[in-house]
Amino acid sequence: MVSVQQWTGREASALRAALRMSTRAFAEHLGVALRTVAKWESLGAETQPRPDTQAILDTALARADAAAHARFEAVLFPERTSARPADYETWTEDIERAVVCVSRQDFPFASTLLNRWLGSRDPRGLDGKGLYLYGRSLVLLGDLQRDQGAILGPLSARQSYLTACGMFAELGIPRRVAQIELSLAVVQEMSGQLDASARHYELLATDGRLSPRDRARARLWVGTALSKEGNNEYATNVMRDATRAFENLGEPEDWSVAHQKLALAHRGAGDLKQALHYIDIARTTGTVDSPMQRVRLDTAYGHILLSDAATRNDGLSVLDQAAQVARQFGLSHQLRSIEGIRKGQQG
């Protein structure tokens with residue numbers, strides 16, 4: 001963490017930039033006059049704040065988050081932005097920690113871990129190793145944004161994935177490019193582009209750049225997109241193929257998720273007996289050690305129960321529980337899905 005022994009206008013201006021505040025907002029943040037901040041901006045190192053203002057600036061810096069500290073250092077010491085081997089090691093560790101945080105839907109801490117690097121590194125000044133870590137960080141940021149429901153727009157999963165895809169293409173790592181293409185197909189599906197996502201999944205299901213597990217996932221997701229369109233018969237055939245692939249690969253969690261998807265496809269086809277059969281398998285074999293998994297499984301189960309008048313109240317209760325967890329962890333896309341199920345039932 002950077003500390004300042006003697007504040008001048010240069011350091012004060014760097015802090016304002018690191019906090020991403022206008023001069024007026026920065027003045028209000030510190031409780032000083034706007035003309036004081038304007039003086040720091042114009043005179044830079046040639047002016048020094050008064051002792052009491054020095055203390056105010058110390059406090060503002062101390063209260064800034066990790067990403068702002070990284071930007072502050074980058075503004076003051078641009079020569080340090082070229083990562084050193086020790087930085088790469090720390091960056092790798094933060095990526096590994098962020099992976100765990102995203103899997104547990106601890107979005108605030110994951111965002112802090114990623115933005116301390118994304119906010120302080122200019123990819124144009126990084127070597128191959130640095131670009132690789134920057135790309136991985138962007139993919140994780142995209143996963144985080146996708147799970148929070150920010151799928152389209154300038155600050156979205158799609159934009160993060162596209163930028164990372166370009167980096168891995170430049171680095172010549174086709175496996176990473178294909179994995180991002182699979183994530184972009186998921187974004188297409190989430191945004192309602194079901195035909196396009198199904199075609200994209202079909203291509204990736206036979207793409208040699210992907211691992212056998214990722215190809216099986218793509219095959220499963222062909223079925224999910226088709227099921228959402230109402231093509232449940234073909235969807236169930238594709239999903240069964242994917243389920244067998246997961247069994248042959250020894251992937252129990254993916255195998256369980258496939259049964260959850262099969263259950264929803266049978267519900268869509270009106271076969272509630274088979275839907276309950278497959279959702280029971282998913283509920284008894286799947287792990288629910290993350291909020292996202294719990295919400296997805298409960299949403300599927302509630303949707304199936306809601307489809308039968310005899311179990312409608314049970315279905316509403318299960319959906320209420322899923323919605324509560326979704327709100328608690330900021331899973332806005334899942335929350336919208338739950339609301340859509342409720343409205344569809346009412347309609």
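Predicted model: local features only at pLDDT ≥ 70, side-chain atom pairs only at ≥ 80, totals over all residues.

User: Why are helix 8 and helix 10 called roughly parallel to each other?

Analyst: The axes of helix 8 (residues 128-147) and helix 10 (residues 174-190) cross at roughly 20 degrees, coming within 12 Å. Angles under 35 degrees count as roughly parallel, and the two helices are therefore described in that way. Their crossing is left-handed.

User: Which residues of helix 8 and helix 10 meet?

Analyst: Helix 8 contributes Tyr 132, Arg 136, Val 139 and Arg 146, which meet Arg 176, Ile 180, Ser 183, Val 186 and Met 190 of helix 10. By class, the residues of this contact are five nonpolar, one polar and three charged.

User: What makes Glu 11 count as buried?

Analyst: Glu 11 has a relative accessible area of 12%. Buried means under 20%, so Glu 11 is buried. Glu 11 lies in helix 1 (residues 9-18). Leaving aside residues up to four places away in sequence, Glu 11 touches Val 4, Gln 6, Phe 72 and Leu 76.

User: How do you know that Cys 101 and Cys 165 are buried?

Analyst: The cut-off of under 20% applies here also. Cys 101 has a relative accessibility of 9% and therefore counts as buried. Cys 165, with a relative accessible area of 15%, is buried.

User: How many disulfides does a search of the whole structure find?

Analyst: The search finds zero disulfides. The criterion is a pair of cysteine sulfur atoms within 2.5 Å.

Definitions and conventions:
Residues numbered from 1 in each chain as written. Heavy atoms only, no water. Axes fitted to C-alpha atoms, helices over the stretch in contact; angles between N-to-C directions. Helix = DSSP H or I, 4+ residues; strand = E, 2+ residues; numbered from the N terminus. Parallel < 35°, antiparallel > 145°, perpendicular 65-115°, else oblique. Left-handed = near helix turned anticlockwise from the far one by under 90°. Contact = heavy atoms within 4.5 Å. Nonpolar A, V, L, I, M, F, W, Y, C, P; charged D, E, K, R; others polar. Buried < 20%, exposed > 50% of the residue type's maximum accessible area, 1.4 Å probe, protein only.
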